[in-house]
Amino acid sequence: MGTSSDRKLRAYDQDTGKVVWSVDVPSAIEGVPTVYEVGGREYVVVCVAGGRGLFAPREGTGIAAAPAAGQYMAFALRSG
């Protein structure tokens, strides 16, 4: 799951709901993460907003307001 409020992508354990992994991203994640498989390895891809984005940070949130370039970010999931 990606959030716009704190610019993080998180993976949750489907049984317990606990966060098992998280990473900071340079801007708000917009849209739905995509999961795909290549050669038996799974990947998660997210769209990270460019410019101010739809969910730009608000004043007083402690998040730097400088815009970042738009990009797609891909993360390889651990196998096994």
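**Figure 1. Lining of the largest pocket in the predicted model.** The largest pocket of this predicted model is lined by 13 residues. Those that lie nearest its centre are A11, V20, W21, L77 and R78. The space within this pocket comes to about 310 Å³. By class, its lining holds 11 nonpolar and 2 charged residues, with no polar residue.

**Figure 2. Strands that contribute to the lining of the largest pocket.** At least two lining residues are supplied by each of strand 1 (8-12), strand 2 (19-24), strand 3 (29-38) and strand 5 (71-76). Strand 1 provides the largest share of the lining, namely 3 residues.

**Figure 3. Overall architecture of the protein.** The secondary structure consists of 5 strands and 0 helices, and the order of elements from the N terminus is β-β-β-β-β. Of the 80 residues in the protein, 20% are buried.

**Figure 4. Hairpin of strand 1 and strand 2.** These two strands pair in the antiparallel sense, with 5 bridges between them. Within this pairing, R10 stands opposite S22 of strand 2. The hairpin has 6 residues between its strands. In the turn, G17 adopts a positive phi of about 80 degrees.

**Figure 5. Hairpin of strand 3 and strand 4.** Strand 3 and strand 4 run antiparallel and are joined by 7 bridges. E37 has E42, in strand 4, as its bridge partner. Between the strands of this hairpin there are 2 residues. A positive phi, near 55 degrees, is found at G39.

**Figure 6. The largest nonpolar core.** This core is made up of 7 residues: L9, V25, I29, V44, V46, V48 and F75. Strand 4 (residues 41-48) contributes the largest share of the core, 3 residues. In soluble globular proteins, nonpolar side chains tend to be buried together.

Figure 7. In sequence, D6 and A28 are 22 residues apart, while the C-alpha to C-alpha distance between them is 7.8 Å.

Figure 8. Y72 counts as exposed because its relative accessibility is 65%, where the cut-off for exposed is over 50%. When neighbours within four places in sequence are left aside, Y72 is in contact with V45, V46 and C47. One of these contact partners, V46, is also a member of the largest nonpolar core. Y72 and I29 are separated by 43 residues in sequence and by 9.4 Å in space, C-alpha to C-alpha. I29, too, is part of the largest nonpolar core.

Notes
Residues numbered from 1 in each chain as written. Predicted model: local features only at pLDDT ≥ 70, side-chain atom pairs only at ≥ 80, totals over all residues. Heavy atoms only, no water. 1 Å grid on protein atoms, 1.4 Å probe; cavity = no way out; pocket = protein on both sides within 12 Å on 5 of 7 lines; lining within 4 Å. Points joined across faces, edges and corners; volume = space filled by probe spheres on them. Helix = DSSP H or I, 4+ residues; strand = E, 2+ residues; numbered from the N terminus. Nonpolar A, V, L, I, M, F, W, Y, C, P; charged D, E, K, R; others polar. Pairing = 2+ DSSP bridges. Core = buried A, V, L, I, M, F, W, Y, C linked by side-chain atoms within 4.5 Å. Buried < 20%, exposed > 50% of the residue type's maximum accessible area, 1.4 Å probe, protein only. Contact = heavy atoms within 4.5 Å.
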